[in-house]
Amino acid sequence: MFRTRQWGPAQSLLALVPLLIGLPWLALKHQYSLPTPIIDQYDSTTSLPQLSEATILQYAKYLSEDIGYRTPGTREHALADAWMTEKAYQLKEECERVVAAQPGRKLQCEVWRQEGSGSHRFDMMAARLYKRYVNLSNIIIRLSDGTDQGKVDAVLINSHLDSTLPSPGAADDALSVGVMIECVRVLVNTPDWEPKHAVIFLFNNAEESLQDGSHLFSTQHPIASTVRAVVNLEAAGTAGPELLFQATSHEMIEAYSHVPRPYGTIFANEIFSSGVLLSDTDFRQFEYYLNVTGLDMAVVGNSYMYHMRGDLVENIEAGVAQHMAENTLALIEHLTSPASPLPRLASGYGRPRTVFFTFLGIFFVYSFRTAELLYSLLFIASCVLVRSAGGPSARGATMAKALFSVTFGGLGALVGANAVAFMMQWVLGRGMSWFKGEFEPLILYGPAAMFGALLTQLPLAPVPEKALLHAQLLAYAFIAAAGQFAGVGSSAVFFLSAVSTFGALFIDRVTNYLSASTVNNAGIKMMNTAEKMRDGDVKEAKDKVNKAEVKDGLVSLWTYALGQTVPLLTGTQLTSATLVVFVPLTGRIGSEAPAEYIIASMVAILGSYTLNLTTPFVHRFGLPALRKAVIIMFLVVGIVMAVFARKEVFDKNHQKRLFVLHKEDLNTREQHLHIAAADGAPGFDDLVHDITAHFGANGVPPKAVVMDDWNGDWDTLYPFSAFLSPYKIDLPLDPAYDAPWPPEEQFTVSAVNDTLDENKGTRTMTLKIDHPGIMWTVIAFDAHVLEWTLDNSPPEEFARHHIKEASFYGTDVWTVDMTIKWPPPPTAHPRSSVDGLRVNFIGIQEKRMWPAKKAEADGSQAMQLFREFDAWLDEKTGGSVDALLMGCVSGEVVV
């Protein structure tokens, strides 16, 4: 191999620049490549049906813009239900026409509109929550061969029609609805397609109300028991390929290998299943109530638009819909074919012991057993390679020092990045200055991590670079093998890196052996050196020995080029996928979350992996060059911090989320404005005081409110309210104001069928909630519940309970039957009542949400305030804040 030891740092880096730029570019090109959108529904050459992105987006636009915000309980939600029902029957009619025109074709299309009520427990974020839903609906289409046997085993494809409170939901999840409709059309119109196994398309109409629609289908629909696997389609962004982030069996991972554009890794799968991401999908209900396996896929790029007003079709990247549709159709075709694993899944499934990942567009799948064998062999081979190296660089003391150097380099990177994070947040007061770009943290924290890594090398230098490369190889090979034996499939990333390093060192070793003349000359010189030592010329001999040791510790620059290839490719893909998810996520994880340190640590860890040969490389040029590198990186860190300290955190395309409640207390008639944010960026306190000065009562400052289970102001968003940092602002109130609450429109909570058993110390009753014109009602109370109609296992103690409701538009009553211990224990919470059960209740007025009801504002005080507030906020912040404004009513009653 051509050796370049004589080159200095600048020349060496210049030689590696094509690699350092080209490989990440190649990785990103493959990772974010999207298909060309197709416009026509039929191929002009073959006349066969084809998936049309234009058609999909047309459906998404109709749902999100023509109908609008489809929050469960609203009129728009009911309109979407009617539209989808009509569309399903149109598809059924089209199917029947096609079958009639093709005698003998085995294809049947069935349609259901399911409506029902129920309840379920929904634990999240360490909070216990109960859901009650009334008269909610689903629309279901089943395609089969028409035989009873063909309907025994089915795959379920799921998306949701509804959208959440602050969003029109074009990507989340009207896009997936459009994909499913297009898949039905293409399958029905493909002449030779006859499903061996059935496919069920579930257009569930209540996901955003905490998965009520999927619960309704799973627990009450007659064909739910035929489901053997689920493919759930979701969106938390508007750009890039949809990510496979949850796969729960080997059979379904193997099925995914048949898609034309795979994008999924066990790394994402293990992160999501660990609970680090406080997010959830309908997949949870299917897995729990149907005990089925499946795949969970979502568009995740540009998730700045997630649950925001900007979730519009115009912001969905071209090719996103085509990508999701082509992968979904391929899955359906495989899972309904004779080669389908569905019959095997009828007897159950095991958690996957399968490693899978996409590398440059190629999907790799192998078992844990294969991984254990491969990784063990690599570790053994690495030990042999290092042990057989010989020479001074292979000595035990040198290797120990090299291992310490590699370890301290990684720790130094972490410390360096987090030190800058501390400076940015607490010293400069400019936390989250990187928020506007998923890759901007690399610019801020990358140099800091590099500086920290280099700084730790100063007291350890010099260390032979070959010893450091050997130490890096052994460390990664060991982590890969040990991690895999511990059941961590993501250990594959260390295996890939170690393979690259092993290959580079092995080639370097071979080329050295082939340079026989060089080896012989080195041996003669060593013999001469030994002879001179015997003759007493100690000083000169020692100098020659040292030079020999230095030479022994060097490798060709090509070794770095080869050794960095796989880590650069793999690390780039991992880093980009991670930051694309986590950077926007910091805008909604709460002000108490250490967002700055989370992002800094990610950059340090992923950066250390991606450029894992940095430590041996800097030792290649000696201590003086290392000192210069430390000084240069220190200056770079200072410059970058100065630049980021001047950056604004938010802009029109990367907005701050602001939660605003106009709340009227039915007991006191007081009105307040409640303001909250879900991030730790600077400037929120100042914004709240500006809002108070403009809209609040004169002379009354805003009040910071403690968020806990007894703060009922934000119960409409419970348990996500735990992320919020709320303020309460007094509003000026006209003394003559009297809320127009005629008897037929009053929001009340009462106890009926109330029976007290003093002998048993129990009280049995039905809590009845009347909420005309009010949606997403919540009741909260303290009690020791013995039994109720919500589930079979209430807490066996006196506790705080939250029950949230979601009902179809026009449904205004819901109930809960329960038996509680009575009276409350002496240790009850101070807000509990010994005279009765104290119940806090709150709900959202269906006609008083902004901007959802902007077009039909009813002239109420709340809507007038929202109109003025929204215009003022847009002008004040330059459009960098997206506010969800809700008109709520609340009260407290003792029953």
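User: Is His221 buried or exposed?
Analyst: His221 counts as buried, because its relative accessibility is 7%. The cut-off for buried is under 20%. Keep in mind that this is a predicted model.

User: Where does His221 lie?
Analyst: In a loop. His221 sits between helix 5 (212–220) and strand 5 (227–235).

User: Which residues does His221 touch?
Analyst: Leaving out residues up to four places away in sequence, His221 touches Trp112, Gln114, Ile140 and Leu216.

User: Next residue. Where is the place of Tyr476?
Analyst: Tyr476 belongs to helix 14, which covers residues 465–485.

User: Buried or exposed?
Analyst: Tyr476 is at 11% relative accessibility, so it counts as buried.

User: What is Tyr476 in contact with?
Analyst: Setting aside neighbours within four places in sequence, Tyr476 is in contact with Phe494, Ser497, Ala498, Ser608, Tyr609 and Asn612.

User: And how are Tyr476 and Val386 separated?
Analyst: Along the chain, they are 90 residues apart. Their C-alpha atoms are separated by 14 Å.

User: Let's switch to helices. What describes two packed helices?
Analyst: Two things: the angle between their axes and the distance between those axes.

User: At what angle do helix 3 and helix 4 pack?
Analyst: Helix 3 (residues 75–101) and helix 4 (residues 170–189) pack at about 15°. Their axes are 9 Å apart.

User: Parallel or antiparallel, then?
Analyst: Roughly parallel. Angles under 35 degrees count that way, so helix 3 and helix 4 qualify. Helix 3 passes helix 4 in a right-handed crossing.

User: Which residues meet there?
Analyst: Helix 3 brings Trp83, Met84, Lys87, Leu91, Glu94, Cys95 and Val98. Helix 4 brings Val177, Ile181, Val184, Arg185, Val188 and Asn189. By class, this contact of helix 3 with helix 4 holds nine nonpolar, one polar and three charged residues.

User: What about helix 13 and helix 21, at what angle do they cross?
Analyst: Roughly 150°. The axes of helix 13 (residues 440–455) and helix 21 (residues 622–645) come within 9 Å. That angle is why helix 13 is roughly antiparallel to helix 21; the cut-off is over 145 degrees.

User: Left-handed or right-handed crossing?
Analyst: Left-handed, as helix 13 passes helix 21.

User: Which residues make the contact?
Analyst: On helix 13, they include Ile443, Leu444, Pro447 and Phe451. On helix 21, Val630, Met633, Val637 and Phe644 are among them.

User: How many bridges join strand 15 to strand 19?
Analyst: Nine, between strand 15 (residues 762–770) and strand 19 (residues 813–821). Arg763 stands opposite Ile820 in strand 19. Ile769 stands opposite Trp814, also in strand 19.

User: And over how many bridges do strand 17 and strand 19 pair?
Analyst: Three, in the antiparallel sense; strand 17 covers residues 785–788. One partner to look up is Met818 in strand 19, bridged with Trp788.

Terms used:
Residues are numbered from 1 along each chain as its sequence is written. This is a predicted model: local features need pLDDT of at least 70, side-chain atom pairs count only at pLDDT 80 or more; totals for chains, interfaces and linings use all residues. Side-chain values use heavy atoms; hydrogens and water are left out. Axes are lines fitted to C-alpha atoms, for helices over the stretch in contact, and angles run from 0 to 180 degrees between N-to-C directions. Helices (H or I, at least four residues) and strands (E, at least two) are DSSP runs, numbered from the N terminus. Angles under 35 degrees count as roughly parallel, over 145 as roughly antiparallel, 65 to 115 as roughly perpendicular and the rest as oblique. A crossing is left-handed if the near helix is turned anticlockwise from the far one by less than a right angle, and right-handed if clockwise. Contact means heavy atoms within 4.5 Å. Two strands pair if DSSP finds at least two bridges between them. Buried means under 20% relative accessible area, exposed over 50%, partly exposed in between (1.4 Å probe, protein chains only). Ala, Val, Leu, Ile, Met, Phe, Trp, Tyr, Cys and Pro count as nonpolar, Asp, Glu, Lys and Arg as charged, and the others, Gly among them, as polar.
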